[in-house]
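Please consider the structure shown below. The paragraphs that follow lead through selected parts of it.

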Amino acid sequence: MRRPRSSLKQETPFENNPGCEGLGGSSVPELRVFVRKKTLEVIAKEVKEESYGKKFVRLHDIEDFSYSKDDKHPQLKVKGFSISDPVRPPSNWEKVLEGIRKMRCSEDAPVDSMGCEKAGSSLPPKERRFAVLVSSLLSSQTKDQVNHGAIQRLLQNGLLAADTIDTANEETIKSLIYPVGFYTRKASNLKKVAKICLSKYDGDIPSSLEELLLLPGIGPKMAHLVMNVAWNNVQGICVDTHVHRISNRLGWVSRPGTKQKTRTPEETRESLQLWLPKEEWVPINPLLVGFGQTICTPLRPRCAICTVSDLCPSALKEASSPASTPKK
């Protein structure tokens, strides 16, 4: 004989669930939450998760939801996925970063003395900001040693300021910055940048990321570097080819919603900024650039002497590739 509906026992979600002691039982008053499954489905349909290709999140059965009191930011989960799940940092990233720091301390790299950050270091603030901008503009597709030489020649000829570049002959600028990559185009862009800085900023440089990106020849990598160095205003990570390559080799970044490598430095920047603490945004560039110049090189990475190779998913693959095998 069936009992009346009203006499059926209402179980709490925490009964007979290991690890939930204290949430249900005689010592704590029962807490019963009744939620219509239909309501949850409606809520889930309204939630869009960009990291999952902007597709609707499918809601599972109510039994699949769990709550972890150990979470730093407790939230509703669906079989391991939270509706507002933060990006999880890569495992052992702090250990890897510390290992790279120690390796960098034992060997100098070109970026340490000839990087864009060093441009015009002896000049007054306004002139130094312009020198950093010029150095950043010339740095694309150019090694630090070559770029540093070009900056020194411009400085020696009094052409590291907006007013002097504006009045200088373009052919003269080309001859001084050669052999930086695309020196002809960069000489033309330098003239345009100098004119803009004179007319709009009184010979200084723009103080916002948006305005810097409007300058000819200035991309995101350069703009973030200038904001960080010239204005001490951190708005993003400066990602060049070394940071892009090493971040992918370490498995630190991926394309949104996938486990595939990022395709561009800008994708790498966006992926890194999702989890890397902001206090690391500025030092990560010279740290990884120098590491890429000395150990984690593009063609023949020196995995045999890398102290974090055991934590690098690409170490064995890179070390055994034909490009990294020494010639007899």
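Lysine 221 touches Ser139, Cys238, Val239 and Asp240, leaving aside residues up to four places away in sequence; contact here means heavy atoms within 4.5 Å. Aspartate 240 is 19 residues from lysine 221 in sequence, and their C-alpha atoms are 6.4 Å apart in space. Lysine 221 has its place in helix α10 (residues 220-230). Helices are DSSP runs (H or I, at least four residues), numbered from the N terminus. With a relative accessible area of 23%, lysine 221 is partly exposed, a class between buried (under 20%) and exposed (over 50%), computed with a 1.4 Å probe on protein chains only.

This is a predicted model, in which local features need pLDDT of at least 70, side-chain atom pairs count only at pLDDT 80 or more, and totals for chains, interfaces and linings use all residues. Residues are numbered from 1 along each chain as its sequence is written, and side-chain values use heavy atoms, with hydrogens and water left out.

In helix α7 (residues 170-177), Ile173, Lys174, Leu176 and Ile177 are buried. Seen down the axis of α7, these buried residues fall within an arc of 165°, so they line one face of the helix; the arc is that of the directions from the helix axis to the C-beta atoms. Among the elements that cover them are α4 (125-139), α5 (144-156), α6 (162-167) and α8 (183-201).

Helix α13 (residues 284-294) is largely enclosed by the rest of the structure, because nine of its eleven residues are buried. The cover over the buried residues of α13 includes α2 (93-105), α3 (110-114), α5 and α11 (241-249).

Terms used
Helix = DSSP H or I, 4+ residues; strand = E, 2+ residues; numbered from the N terminus.
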